[in-house]
Amino acid sequence: MLHFMINMIRDNRTIKSILANMLIAAISLFVKGDTIMSNNKQLDRIKRMESYLDEAEHAVKELSNALEKYEKMEKKYYKIGKYYGSSDWMNDFEADEEGLIPAEIKRGVLSEDAVYNLIIEHKELMTRMQRAVLRSMEEGI
């Protein structure tokens with residue numbers, strides 16, 4: 001065996017061939033390792049994007065359902081806004097203050113805070129929605 005190795009070393013072409021094969025094998029392992037690393041990054045990216053898709057689909061569906069519910073109620077909201085501060089509201093408020101409205105009747109609409117807070121919350125929500133629409137338009141999607 002030693003004699004064989006000595007003869008191989010003496011033959012320059014054999015050494016070059018062995019070194020070339022070793023180099024090719026090393027490069028092949030490196031490329032395969034790089035490909036595996038690249039594939040892992042790719043798989044991670046696909047998984048991440050898939051989770052974003054799932055989350056976005058769920059959020060869009062919830063928003064659509066909420067918007068549909070809001071659109072059905074919207075006219076009622078504007079009626080509350082018109083009622084608040086009107087002469088009808090003033091008459092109802094005074095009747096409640098005088099104890100003329102039965103105690104079992106729910107009357108949050110006669111409290112100044114409940115309607116006012118709803119109006120402020122509604123305005124803030126509309127502003128948030130406007131900003132969301134503008135961001136979406138800026139993204140171009």
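Mentor: We take the helix, then the pocket, then the rings.

Mentor: This is a predicted model, in which local features need pLDDT of at least 70, side-chain atom pairs count only at pLDDT 80 or more, and totals for chains, interfaces and linings use all residues. Residues are numbered from 1 along each chain as its sequence is written, and side-chain values use heavy atoms, with hydrogens and water left out.

Trainee: How many residues does helix α4 have, and what does it span?

Mentor: Helices are DSSP runs of H or I with at least four residues, numbered from the N terminus. The expected span is 1.5 Å times one less than the number of residues. Helix α4 covers residues 112-139, 28 residues in total. From first C-alpha to last it reaches 41 Å, close to the expected 40 Å. After α4 comes Gly 140, with a positive phi near 75 degrees.

Trainee: Which residues of α4 are buried?

Mentor: An α-helix has 3.6 residues a turn, so residues three or four places apart point the same way. Buried means under 20% relative accessible area, exposed over 50%, and partly exposed in between, with a 1.4 Å probe and protein chains only. In α4, Val 115, Ile 119 and His 122 are buried.

Trainee: What volume does the largest pocket have, and which residues are closest to its centre?

Mentor: Rolling a probe the size of a water molecule over the atoms shows where empty space is left. A pocket is an open set of points on a 1 Å grid over the protein atoms alone, where a 1.4 Å probe fits, with protein on both sides within 12 Å along at least five of seven lines; lining residues have an atom within 4 Å of a point. The volume, the space filled by probe spheres set on the points, is about 390 Å³ for the largest pocket. Of its 14 lining residues, Leu 63, Leu 67, Leu 125, Met 126 and Met 129 are closest to the centre. The elements giving two or more residues to this lining are α2 (12-83) and α4, and α4 gives the most, nine.

Trainee: How many aromatic pairs are there?

Mentor: A pair is described by the distance of the centres and the angle of the planes. Rings of Phe, Tyr and Trp (its six-membered ring) pair if their centres lie within 6.5 Å; planes under 30 degrees apart are stacked, over 60 edge-to-face, the rest tilted. The count is three. Tyr 77 and Tyr 78 are edge-to-face, at 5.2 Å and 70 degrees. Tyr 77 is buried at 9%, whereas Tyr 78 is partly exposed at 40%.

Trainee: Why is the pair of Tyr 84 and Trp 89 edge-to-face?

Mentor: Their planes stand at 70 degrees, with the centres 5.5 Å apart, so the pair is edge-to-face. Tyr 84, Trp 89 and Phe 93 form one aromatic cluster.
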